[in-house]
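Work through the two exercises below with the sequence and coordinates open. Each task is followed by its solution.

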Amino acid sequence: MIAKVLRSDNVAYTLSYGQNPEKGGEVFYLNETLEGQTPKEMADDWLAIANKYSPMCYHIIISMSDGDTEKIRSIDNPADRVEFERNVIDAFMRELDQRGNNVFDCPFVVAHHENTDNEHFHIAILTTTVDGRRLHDSFIKKNAVRAAAKVSEEYGLEAAPRALYLERQHQKAIGTRKEEPRPDDSNEKRESRDDQSKKRTYTRVEKDPGELKERQRRVIRAKQRKQRCKYMIEKLAQDKNYH
């Protein structure tokens, strides 16, 4: 199972492509979208709440390998097969959500295609949440690739070797960070304050009040001299122009 993420600014086309009857497109999982609607009706509802973000939506293609397809199609009961596929897609979407891409705050539609030798799915996700915010789409391509690898391993499907290796390293790093003891917060704050106090250490020189007053008087006299000089220069310029 692998995932490919595409950007799209055409919401209506993305929804229509996933549900194209010529490709066997059939909706079997959706979020914040009414059931039984046509792709055009879905697009109209989405665009009514959408902001002009770029892209307007994401199109994620989930493709199954030959071995995955054989495993899925070997499930005799159609209801059990659909439930297995829905569980896989749900696990994939929840992995995206846990990695920071809040897809469950946005409308999305998942359609199944059966027009090729391999099972595959098309996921259309609006980049505007239901309350008008933008989907957190940072690293969504990387997250989708690794989420697909993780879900594949959990459900006994084939994963891309490189993606699976990176995901295992990522999970290992997370486990190591969880096991490391955290320093006591109070000690950490105290050490931080000590470091800051060292950086800010200096000697304050006490000033004589009489000296400070004299400095202020000098500043005033300097301003007065500057104003007199400006006046004389302007006056000379006027006299020259007059003559």
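**Exercise 1. Give the volume of the largest pocket and describe its lining.**

Step 1. The largest pocket has a volume of about 210 Å³. A pocket here is an open set of points on a 1 Å grid over the protein atoms alone, where a 1.4 Å probe fits, with protein on both sides within 12 Å along at least five of seven lines. The volume is the space filled by probe spheres set on the points, which are joined across faces, edges and corners.

The model is predicted: local features need pLDDT of at least 70 and side-chain atom pairs pLDDT 80 or more, while totals for chains, interfaces and linings use all residues. Numbering starts from 1 along each chain as its sequence is written, and side-chain values use heavy atoms, without hydrogens and water.

Step 2. Lining residues (an atom within 4 Å of a point) include F28, R81 and H112. By class, four are nonpolar, one is polar and six are charged.

Step 3. β2 (26-31) and α4 (78-98) each supply at least two lining residues; α4 gives the most, four. Helices (H or I, at least four residues) and strands (E, at least two) are DSSP runs numbered from the N terminus.

Terms used
Ala, Val, Leu, Ile, Met, Phe, Trp, Tyr, Cys and Pro count as nonpolar, Asp, Glu, Lys and Arg as charged, and the others, Gly among them, as polar.
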